[in-house]
Amino acid sequence: MDSTVLAGDGAAVKWWGWGARDKGFRLEDHPGLVAYLKARLETGLQEESLPVSIDRISMPPARLDRHLLEGLRKIVGDSGWGADKLQRLVHSMGKSYRDTVRIRRGEVPLAPDAVVYPGSEEEVRRVLEWAGEHEIAVVPFGGGTSVVGGVEALGGPRHRGVVSLDARRLCRILAVDELSRTATIQAGILGPSLEEGLNRKGLTLGHFPQSFQYSTLGGWIATRSAGQQSTLYGKIEDLVLSLRMIHPGGVLDTLKVPARAAGPDWNQVVTGSEGIFGVISEATVRIRPVPVRKRYGGFFFRDFPKGVEACREFLQSGLVPATVRLSDAQETEFGMNLRPRSGNWKKQVVEHSGVWALEKLGYRPGRRCLMIVGFEGDEAATESAWKRARKICDDFGGFSLGGGPGRMWYQDRFEHPYLRDTLLDKRVLIDTLETAATWTNVTPLYEAVRQKLEEAIRGTGVPGIVMAHLSHCYATGSSLYFIFLARQTPGQELEQWWAIKEAASDCLLSHGGTISHHHGVGIDHARWAQQEHGPSAMRGLSGLKLSLDPGGIMNPGKILPLD
């Protein structure tokens with residue numbers, strides 16, 4: 001299998017899965033995980049279901065004729081567009097479970113007719129003008145990491161074709177105001193390039209979603225992304241000071257001020273709009289100095305409710321960790337089995353002795369929960385916060401595991417998505433869903449959704465694993481992030497997945513949770529987002545779209561139903 005797909009920084013990436021082409025997850029390095037999965041999922045992990053080769057993928061033929069393509073070429077030049085098979089394939093869908101299963105099987109029912117790479121706002125404006133004139137749908141595309149169908153190459157019934165607008169050439173840091181601590185940055189920049197540019201000046205945005213290496217500033221804004229340190233730095237909507245969006249017929253440009261009361265906040269209207277109004281071209285964001293000190297560590301709690309209480313107390317007592325991540329008992333067990341086996345027998349003996357001793361103290365398998373907590377800032381403030389956090393953990397029965405678990409999590413935090421491809425190779429379903437609730441409802445919602453997931457998986461005729469964690473905490477509540485695994489049903493992989501996801505999504509809303517805390521809406525969550533908002537809000541959103549995109553060319557079928 002070959003690939004010449006490049007991320008914005010020139011790194012070769014997979015078209016059939018996650019991340020860099022030369023990286024993956026080796027099950028043979030994790031014998032504990034293999035044994036755990038075999039026992040829990042009742043699978044030998046022997047069957048293989050590998051991606052088809054690219055020459056076996058059949059895509060719908062491109063519909064744009066030579067005259068239309070010539071008009072596009074005149075706008076962006078010979079190197080600013082493409083319509084070969086690989087470019088169309090990469091821009092046909094994102095990285096959701098549904099996307100990955102389909103593309104690995106060679107099923108690409110929708111593909112853009114061409115891909116355009118504008119190099120300036122003026123070129124974006126002219127592309128949208130061309131698309132409106134010829135009734136061509138435009139799907140904005142950043143890093144392509146959507147897990148909810150947000151970049152599916154979908155057009156409406158009146159569209160003559162679909163163009164994917166890839167923002168990778170809009171990738172510059174335009175200005176840094178060190179006095180005001182703001183930076184104006186083009187929306188197509190990838191996370192690593194953004195951070196490297198700011199770090200050279202001793203600054204950081206502090207936004208590190210799990211997709212950080214392959215996602216863009218514009219994509220973060222379009223989907224209301226959360227970073228793994230967002231408890232301290234804020235979600236992306238907290239970091240946007242102003243933005244520019246090119247929409248059919250105009251430019252929406254908000255004022256660079258720290259706050260104002262001049263009517264509704266258009267920053268917040270555009271943030272989370274997923275390209276249905278226009279193309280976010282640049283944003284001015286709040287930045288901070290790179291922290292002098294980072295201290296991460298781990299604690300065991302005897303059960304999940306005690307850990308939840310400690311998380312709540314952190315935030316309500318005024319502590320603001322960069323990260324506080326509480327795994328339930330199932331995720332804790334999964335994580336302990338995920339650790340690679342140590343080659344040092346003495347270290348193995350010490351680890352086993354320590355686990356045995358903790359069990360005697362009441363931190364038992366099936367109940368104990370691991371918390372990863374980290375603080376970032378100057379030396380004195382970080383150490384002071386750490387001492388206060390440790391005292392709170394002590395009050396709720398937390399046992400300090402030292403810095404090792406925190407360092408391991410921090411080191412591997414971008415590597416976990418590679419496991420999904422490996423498990424798909426072994427015919428194992430693995431997917432996620434996430435929500436948020438107030439502290440009053442966190443534990444009841446967790447129990448309801450966990451039970452519904454377990455019930456739905458059993459309903460497909462196979463055993464499963466359901467686990468969850470808190471990962472973004474607030475004084476008023478927290479996110480909840482669920483991960484579920486099951487043995488795939490051959491020939492019914494997508495139907496099996498949808499039955500589970502549909503049941504869990506219904507459960508989320510019926511028990512007071514949101515359909516998404518940070519993954520967005522796209523296609524997959526549209527039905528539930530409409531229920532969550534209600535008819536008045538959806539009519540208002542439809543009216544905004546009609547005003548900003550009267551021709552209905554921008555990312556059809558996402559958030560709002562197709563016309």
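The model is a predicted one, in which local features need pLDDT of at least 70, side-chain atom pairs count only at pLDDT 80 or more, and totals for chains, interfaces and linings use all residues. Residues are numbered from 1 along each chain as its sequence is written, and side-chain values use heavy atoms, with hydrogens and water left out. Ile559 has a positive phi of about 65 degrees, although it is not a glycine. With a relative accessibility of 7%, Ile559 counts as buried (buried means under 20% relative accessible area, exposed over 50%, and partly exposed in between, with a 1.4 Å probe and protein chains only).

Ile559 is also one of the contacts of Gln530, a list that leaves aside neighbours within four places in sequence and includes Met538, Leu560 and Pro561 as well; contact means heavy atoms within 4.5 Å. Gln530 belongs to helix 19 (residues 526-533) and is partly exposed, at a relative accessible area of 26%. From C-alpha to C-alpha, Gln530 and Pro561 are 9.4 Å apart in space, while 31 residues separate them in sequence.

## Two loop residues

A positive phi is also found at Arg181, a residue other than glycine, where the value is near 60 degrees. Arg181 sits in the loop between strand 5 (173-177) and strand 6 (182-186). Its relative accessible area of 43% makes Arg181 partly exposed.

Ser471 occupies the loop between strand 17 (464-470) and strand 18 (477-487), and is buried at 7% relative accessible area. Its side chain makes a polar contact of 3.4 Å with the side chain of His472, and another polar contact of 3.4 Å joins the side chains of Ser471 and Ser479. A polar contact is a pair of N or O atoms within 3.5 Å; within protein, one must be able to donate a hydrogen and the other to accept it, and residues adjacent in sequence count only if both atoms are side-chain atoms. Apart from neighbours within four places in sequence, Ser471 is in contact with Thr231, Val324, Arg325, Ser478, Ser479 and Tyr481.

Trp409 is part of helix 15 (residues 404-412) and counts as buried, with 9% relative accessibility. Residues up to four places away in sequence aside, Trp409 touches Gln228, Gln229, Tyr296, Thr323, Arg325 and Ile372. Trp409 and Gly297 are 112 residues apart in sequence, yet their C-alpha atoms are 9.1 Å apart in space.

The buried residues of helix 12 (residues 329-338) are Ala329, Gln330, Glu331, Thr332, Phe334 and Leu338.

## Helix 17 and its two partners

Helix 17 (residues 439-459) packs with helix 11 (residues 304-316) at an angle of about 155 degrees, and the axes are 11 Å apart. Axes are lines fitted to C-alpha atoms, for helices over the stretch in contact, and angles run from 0 to 180 degrees between N-to-C directions. Helix 11 and helix 17 are therefore roughly antiparallel (angles under 35 degrees count as roughly parallel, over 145 as roughly antiparallel, 65 to 115 as roughly perpendicular and the rest as oblique). In this pair, Phe304, Val308, Cys311, Arg312 and Gln316 of helix 11 meet Trp439, Val442, Thr443 and Tyr446 of helix 17. By class, the contact of helix 11 with helix 17 has six nonpolar, two polar and one charged residues; Ala, Val, Leu, Ile, Met, Phe, Trp, Tyr, Cys and Pro count as nonpolar, Asp, Glu, Lys and Arg as charged, and the others, Gly among them, as polar.

Helix 17 also packs with helix 18 (residues 493-510) at about 155 degrees, with axes 9 Å apart. Helix 17 and helix 18 are therefore roughly antiparallel to each other. Leu445, Ala448, Val449, Lys452, Leu453, Ala456 and Ile457 of helix 17 make this contact with Ala499, Ile500, Ala503, Ala504, Cys507 and Leu508 of helix 18. The residues of the contact of helix 17 with helix 18 comprise 12 nonpolar, no polar and one charged.

Methods. Helices (H or I, at least four residues) and strands (E, at least two) are DSSP runs, numbered from the N terminus.
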